[in-house]
Amino acid sequence: RSARRLFQSPRSATGADCPAGGSSVVSVKMGLSSAAEIDGAQLCIFDLRRGQQEGQELDKILFFHPADCPILLQLSVIGLCEGIITFTRIFSPEDDCEVIESDKHCHVFYQAEPDIWMVLVVQKIKDNESTLRFGALQGILKESHSLFAMFHGPIRTLLDRQPSAEFARGHLHTFVTDYLSDFSVGKKLQLPTYRDSLTERGTVQMLTVSREVALEVQSLTTVLGSCLRNVICQSIVLFEDLLVSTTLPLDDTLNLYTYAILRLTPSALSSNGNSWSYLRKGGYVNADTTLSSANGAAAAERYNSRSRDTSPGGQNQMHHNFRPLQREKLSKGKDGFVAADFATTEIRGAVPLNPILWFHQAEERMYLCVYQHKNLTILLVIPASSLINGEEGIAHVKRHLLENASQNIVTVEQKLSRGWGGENAYHVGGYRYILSDPNRKVSRASPPGKVITLSKDSLLALNRLRGEIDLEKSRAKRSDPTHDKDYEVCIRAKNNAWIIAKISRGKELYMAIEKGGETLLYASTAVEKFSNR
Amino acid sequence: PSIHSSFSNFDDDGSASWRKRKKHFFILSNSGKPIYSRYGDEHRLAGFSATLQAIVSFVENSGDHIKFVRAGKHQIVFLVKGPIYLVCISCTEETFEGLRGQLELMYGQMLLILTKSVNRCFEKNPKFDMAPLLGGTDAVFLSLIRAFSWNPATFLHAYTCLPLAQATRQAASAVLQDIADSGVLFALLMCDHKDFGVFFTHMLAKIQSYGLPENTYLTLLTPRSDAFFDLKDSRARIQDVLLKSNVLLEVQRSLHENVLRVEDVPIDPTSQSTSAPAQSSQGLNSQPLSSDEAIGGPAGLWHFIYKSVYLDQYVSSEFALPIKNPKQQKRLYKAYQKVYASMHDKATGPHKTQFRRTEDYGSNYRNMQIVLSVFCCSESQLATNNMPLGSRYHRFKSFFWKQRDV
């Protein structure tokens with residue numbers, strides 16, 4: 001197959017079910033419909049090792065959002081992506097294709113696993129080119145994949161075990177759709193723009209505690225660790241939405257922390273149960289009923305049958321509608337444990353499920369057990385290999401926790417509450433900033449309530465600057481991965497705001513100061529003052 | 001066989017080496033026919049050309065226009081001008097805006113040679129083979145491509161003047177104005193890319209004149225197609241006057257003597273930076289600079305460019321000793337280009353001031369006000385210690401303005 005053929009109009013897939021009563025415009029003659037006519041963003045996941053035979057192109061597609069997008073258009077999008085990936089490999093075999101920028105769209109690429117690609121297609125608002133940042137958009141793809149792999153294992157493993165890909169497609173469909181529901185506003189996806197330039201996906205926000213409290217937390221962690229005889233359990237402790245302690249390695253901590261912030265902390269749980277929040281967030285997406293595209297429909301049918309998923313993550317997730325991101329299934333029980341009830345209606349009296357997660361860095365499968373006391377959330381992680389009888393063993397661990405750790409938990413919660421200054425505790429007056437340490441995956445930023453006070457011009461300039469710095473950072477990493485390059489930029493924007501970026505010894509500071517002096521000296525002094533605080 | 005291996009058929013006759021080059025330029029027609037290629041024989045690259053065309057058309061068919069693709073350090077930038085597609089594949093650190101601007105200049109150069117009637121050729125015959133028309137013009141394109149790295153005019157969108165005494169400049173301009181009634185729309189006198197007499201501000205054709213020194217060019221533009229003999233006459237008249245007057249002598253002298261040096265920038269006696277530059281150069285590079293090398297202008301100034309926004313003219317200094325190495329100079333121009341692109345971003349620009357400091361090439365400071373822009377490059381440690389650049393700005397302003405008129 002020549003490269004050119006990759007860019008020809010896809011022939012209509014044979015044997016595919018066409019959507020009944022299409023609401024989209026399809027130009028049957030050309031075999032293509034205008035991508036510009038599709039409103040909003042698209043997210044697709046495809047495997048380049050599949051569907052390489054003529055007429056089998058549909059097989060490449062593992063996931064496509066929106067699910068009711070016409071098949072021919074899905075093939076057209078994936079065809080372009082695959083073609084560009086192949087094309088860029090001629091010149092750049094070591095570096096992955098990252099982005100296609102066109103007048104109306106931005107295609108963001110991420111090779112999640114070897115030959116498994118995720119592409120986010122974002123529609124641009126006219127005349128405002130700096131509103132999107134590649135790094136922020138790619139962060140969504142990375143986060144969704146990391147979370148997926150934590151619950152279901154790597155996609156490649158699912159595909160290897162079941163080459164027909166039903167389970168892979170089924171799991172991806174429900175998981176990613178649930179994940180995207182957080183971005184839904186009405187029928188569209190609201191993705192990060194320049195207004196989010198003082199946030200950093202893929203980092204943990206930590207709570208700073210006094211030495212005294214740190215010691216209390218440490219003894220709590222020790223007690224938690226011994227909830228199972230002879231086996232050390234791992235744990236993560238959160239207060240409000242901030243990390244207090246963790247015994248897991250960095251990447252695994254980040255994954256579990258992210259999940260907790262999305263669904264398990266007190267603020268997340270309160271929005272789970274509030275039905276009005278669904279309307280605000282765009283509603284509960286019923287994955288089953290939106291499977292009208294050919295690919296999805298076939299997968300859904302097979303998914304709904306009683307076949308068991310024997311993938312490693314699936315042994316506990318045999319209930320086929322295990323959806324850890326589905327909000328209304330998660331709730332805090334009277335015993336203080338947060339659990340998910342994924343039982344189907346046919347199975348009466350089903351026990352709430354304790355999911356098994358795959359921890360990539362720790363290289364272990366572990367049960368997750370969530371306990372919450374007021375504003376303190378404890379994520380207890382138990383090695384699956386040590387629990388012969390899963391559910392019984394978990395029950396035992398829970399009892400042990402309640403008996404032995406309750407006092408510690410109450411004490412820690414009291415002390416943290418006393419010292420808690422509220423959401424604005426980390427706000428530094430006069431500055432709007434984000435401070436991040438990519439090596440430790442930690443960040444701290446001005447609270448959203450304060451960031452909103454910045455003008456549009458300041459945020460646009462900051463967003464554009466972050467994009468430029470992202471490019472510099474990648475270049476520096478390619479030329480010398482061991483050495484962190486220092487970098488500093490101070491801009492006096494057209495609205496007189498100072499927009500500052502400073503990278504020093506691997507740590508990054510991005511800042512906007514709107515009411516400041518006129519000279520460069522003022523700006524650099526301000527940065528120093530801030531750094532000292 | 002993997003898809004990747006199907007691209008190996010671009011290895012025609014060992015021309016695979018072009019794939020490893022840092023920057024390619026391609027011009028092709030909208031039917032995929034190659035027109036120009038910087039490396040490799042454009043006819044051997046017909047397959048590759050067709051692939052580029054397929055990419056552009058694929059996106060156009062969906063109602064969109066492709067701008068660029070990025071993969072690691074590689075950028076593939078596209079520009080569509082009617083039936084002509086221009087593509088740049090580069091792994092230099094240049095910005096998209098910079099590369100796009102270079103493609104615009106390539107297109108302009110092509111039009112200079114072929115005129116816009118090429119559009120009509122393609123209308124009549126979409127499969128028109130334009131490559132032969134550009135036969136023999138390789139040197140022209142190569143020279144333009146070289147200018148992208150070495151001539152800041154390409155990203156500043158400004159030109160630079162040769163410093164001359166007012167009287168000399170007026171004399172040169174006068175001689176050009178004399179021929180205005182012979183149907184000449186525009187005349188330009190240049191020496192080594194620096195002009196010393198200008199009548200209008202658009203440049204379209206270049207003729208080297210007989211009798212003038214080799215590095216001097218006279219450019220005459222006329223809209224009349226039958227003006228050949230009139231132009232010859234005009235040229236002869238101009239040449240006569242220039243040779244008889246002092247102008248040419250002045251020009252040659254100025255080329256060699258009137259260069260702007262950072263060391264000449266006056267030191268503000270009230271400033272704090274009276275410390276010897278030599279002390280502060282330690283720690284920047286692994287090898288310590290000798291006290292001679294470290295000396296630049298005040299505050300360790302190594303280089304500057306000053307652009308007048310109203311006049312679209314710029315002046316730049318010679319490179320100070322620490323950046324005499326061509327590689328460093330090239331990198332400096334790239335840095336200027338990045339700052340320029342950043343400051344003039346359509347959505348967020350123009351910025352009023354921008355200060356950049358990296359480990360590579362010291363500080364890059366740009367302060368822009370309505371009338372003029374100043375780029376400076378200086379040794380970073382000094383700049384940090386003193387943070388004086390803002391205050392230097394006003395002195396620079398008056399210095400540069402004076403220099404322009406000598």
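The following conversation concerns the predicted model shown above.

Reader: What should I know before reading residue names and values?

Author: Residues are numbered from 1 along each chain as its sequence is written, and chains are lettered from A and ligands numbered from 1 in the order in which they are written. In this predicted model, local features need pLDDT of at least 70, side-chain atom pairs count only at pLDDT 80 or more, and totals for chains, interfaces and linings use all residues, while side-chain values use heavy atoms, with hydrogens and water left out.

Reader: How is chain A divided into domains?

Author: Chain A has domain 1 (41-192), domain 2 (209-275 + 326-342 + 353-423) and domain 3 (432-532); such bounds come from an automatic or database domain assignment.

Reader: How many residues of domain 1 are in contact with domain 2?

Author: In chain A, 11 residues of domain 1 are in contact with 12 residues of domain 2, where contact means heavy atoms within 4.5 Å. The centres of these two domains, taken over C-alpha atoms, are separated by 32 Å.

Reader: On to salt bridges. How many are found over all chains?

Author: The search of the whole structure finds 31. A salt bridge is a side-chain nitrogen of Lys or Arg within 4 Å of a carboxyl oxygen of Asp or Glu.

Reader: Which residue forms one with Arg263(A)?

Author: Asp182(A) does, with the closest N and O atoms 3.1 Å apart. Arg263(A) lies in helix α7 (residues 250-264) and Asp182(A) in the loop between α5 (166-181) and β6 (184-185), so the pair ties together parts of chain A that are 81 residues apart in sequence. Helices (H or I, at least four residues) and strands (E, at least two) are DSSP runs, numbered from the N terminus.

Reader: Is Arg263(A) buried or exposed?

Author: Arg263(A) is buried, at 0% relative accessible area, whereas Asp182(A) is partly exposed, at 22%. Buried means under 20% relative accessible area, exposed over 50%, and partly exposed in between (1.4 Å probe, protein chains only).

Reader: Which side chain meets Glu468(A) in a salt bridge?

Author: That of Arg356(B), at 2.5 Å from N to O. Glu468(A) is in helix α13 (residues 456-479) of chain A and Arg356(B) in strand β12 (residues 353-358) of chain B, so this pair joins two chains. Both residues are buried.

Reader: And disulfides, how many over all chains?

Author: The search finds 0, a disulfide being a pair of cysteine sulfur atoms within 2.5 Å. For Cys44(A), the nearest cysteine sulfur is that of Cys81(A), 5.0 Å away. Cys44(A) is buried, with a relative accessible area of 1%.
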